[in-house]
Amino acid sequence: MTRPRHALMQADRAMGLSHAPRNRAAESPGEPTPPSPMAPTQDIAASERPIAGLAPIPAVAPRTPRAIPALVVQPGTVARGAEALEALRQRHDRECPHCTTATAHTQTVFGEGDPQARLMFIGEAPGETEDRLGRPFVGRAGEKLDEMIRAMGLKREQVYIANVLKSRPPENRTPFQHEVDACGPYLIEQILTIRPEVIVTLGGPATKLLLATDVGITRLRGVWSEWKSPGGEVSVAVMPTYHPAYLLRNYTPQTRAEMWSDLQAVMARLGLARK
Ligand code: URA
């Protein structure tokens, strides 16, 4: 899709980007990403560097998870609010069949934000920085997500941010299906506790889980879908979009404009006007 240059510039301005020359090397996926003009440089690089004295997290072989405990997924019985969310966090940490057996993480990353947020972002799994700090999206991808949230005229505390997996996969690999099966129900309960009006799924794993599809994110992004609770009583509008880490690796006018148009659709739906 080709967008007129003024539209791209508008998207860039909204996302806090300057019109410095594009860094073409950073656009090729799979290659090391040099600092790009769209993101702070030294802080990001420092936050992703291994911490001196910390042993690398060993890769672990996938294990057969314990049986999934009977989770409360009847929306009518799911409590709401901050206390309910905290209770869910504690229960998750005690019993999640994935997070209590996966040994590659130092702590779980449950999620954070407004317990009654109208807008919820769902990513894939904590990375190294998130694992260290116990908070979602606080590494490089998190800087990009913060930029997106700001561009929407919101503050991070006004939304809720969570992941499909609540513990870091070894070497940040893509979650296995059995891990999603084990940890995913807690996310579902988290959604039912928060009851956002809109969920933005960031990347493939979150989109696949919520929309129960194997269709790739490039085909699903930008199109409104609906998540329904297991019994069908609750539905939430879902806007799939790229994962911020993908945007960091694929820094093109097209991907930027596509993501910005996805976010603008969310803003329109929530009645958020850009100041
Ligand atoms: N990527 C994710 O999907 N989630 C995080 O919390 C950080 C990076």
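This is a predicted model: local features need pLDDT of at least 70, side-chain atom pairs count only at pLDDT 80 or more; totals for chains, interfaces and linings use all residues.

**Notes on the ligand and the sheet**

Next I looked up histidine 243: an N or O atom of its side chain lies 2.8 Å from an oxygen atom of the ligand. Alanine 125 takes part through its backbone, with an N or O atom 3.0 Å from a ligand nitrogen. I then checked how covered the ligand is: on its own it exposes 240 Å², and the protein buries 91% of that.

Where does the ligand sit? I found it in the largest pocket. I listed the residues around the ligand: Gly123, Glu124, Ala125, Pro126, Glu130, Pro136, Phe137, Asn163 and His243. Sorting this shell by type, I got four nonpolar, three polar and two charged residues.

Then I turned to the strands. I noted an open sheet of six strands with mixed pairing, in the order β1-β3-β2-β4-β6-β5. Its edge strands are β1 (112-113) and β5 (225-228), each of which pairs on one side only. As a reminder to myself, strands of a sheet pair through backbone hydrogen bonds, either parallel or antiparallel.

Which way do β2 and β3 run, parallel or antiparallel? I found that β2 (residues 119-123) and β3 (residues 160-163) run parallel, joined by four bridges. In this pair I saw phenylalanine 121 standing opposite isoleucine 161 of β3.

Note on methods
Residues are numbered from 1 along each chain as its sequence is written. Side-chain values use heavy atoms; hydrogens and water are left out. A residue is near a molecule or strand if one of its heavy atoms lies within 4 Å of it. A polar contact is a pair of N or O atoms within 3.5 Å; within protein, one must be able to donate a hydrogen and the other to accept it, and residues adjacent in sequence count only if both atoms are side-chain atoms. Accessible areas come from the Shrake-Rupley method with a 1.4 Å probe; for residues, only the protein chains shown count as cover. On a 1 Å grid over the protein atoms alone, a cavity is a set of points where a 1.4 Å probe fits but cannot get out, and a pocket is an open set with protein on both sides within 12 Å along at least five of seven lines; lining residues have an atom within 4 Å of a point. A molecule sits in a cavity or pocket if more than half of its atoms lie within 2 Å of its grid points. Ala, Val, Leu, Ile, Met, Phe, Trp, Tyr, Cys and Pro count as nonpolar, Asp, Glu, Lys and Arg as charged, and the others, Gly among them, as polar. Two strands pair if DSSP finds at least two bridges between them. Helices (H or I, at least four residues) and strands (E, at least two) are DSSP runs, numbered from the N terminus.
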